[in-house]
Amino acid sequence: LPVVLLLPVLAIVIALVIRTLLQPVREVAAEVSRRPPLAPGELQSGRLPSEILPLVEEINRLLERQAAAVERERGFIADAAHALRTPLTALQLQVDVLNDATTTEQRSVRLAELRAGIRRTSRLAAQLLSFARQSIDHGRGATSDLASACSSALASVEPLCREKGLT
């Protein structure tokens, strides 16, 4: 009879102990649910049970990698915008120069230069899109041919330099 009476009391005590011990886990779960998607910072692991601590530490490492990936994406967008701005400016200048052409021969030469500039800019945009796809697909950057990029940049500003007498 005493054991039968103690069983419900023991079950209530065990439930309260388990609830109290798991309260820090519930607090971390609530913290995770309140976080914005790209929030910086790590999860607090001060009062967690030692069994759960490795999980929270791995989540914190994952959050660090996620923040680094977001920063790389921001850098890529800034680099892509800068890489497209220069050739587009060169194209605009070539259009202005084409507009100032007086003879048919000058117009055809300048139109050919403009078409070449458009092809180079389209190729650059295609390369940037390809790089972005590779970064998304593989989670790492691709290698680039520096000589090709430099010659493409040189080709886009060469007509302007020649016109102004610059080397």
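Which helix holds Ser-152? The sections below answer this and look at two more residues of this predicted model.

## Ser-152 in helix H5

Ser-152 sits in helix H5, which covers residues 146–164. Is Ser-152 buried or exposed? Its relative accessible area is 18%. Buried means under 20%, so Ser-152 counts as buried.

Which residues does Ser-152 touch, once neighbours within four places in sequence are set aside? The contacts are Arg-120 and Arg-123. Thr-121 and Ser-152 are 31 residues apart along the chain. Their C-alpha atoms are separated by 8.8 Å.

## Asn-60 in helix H3

Asn-60 lies in helix H3, which runs over residues 53–100. The relative accessible area of Asn-60 is 7%. The cut-off for buried is under 20%, so Asn-60 is buried.

Now for its partners. Neighbours within four places in sequence are again left out. Asn-60 is then in contact with Glu-42 and Leu-43.

Ile-14 is found in helix H1, made of residues 2–21. Its relative accessibility is 45%.

Definitions and conventions
Residues are numbered from 1 along each chain as its sequence is written. This is a predicted model: local features need pLDDT of at least 70, side-chain atom pairs count only at pLDDT 80 or more; totals for chains, interfaces and linings use all residues. Side-chain values use heavy atoms; hydrogens and water are left out. Helices (H or I, at least four residues) and strands (E, at least two) are DSSP runs, numbered from the N terminus. Buried means under 20% relative accessible area, exposed over 50%, partly exposed in between (1.4 Å probe, protein chains only). Contact means heavy atoms within 4.5 Å.
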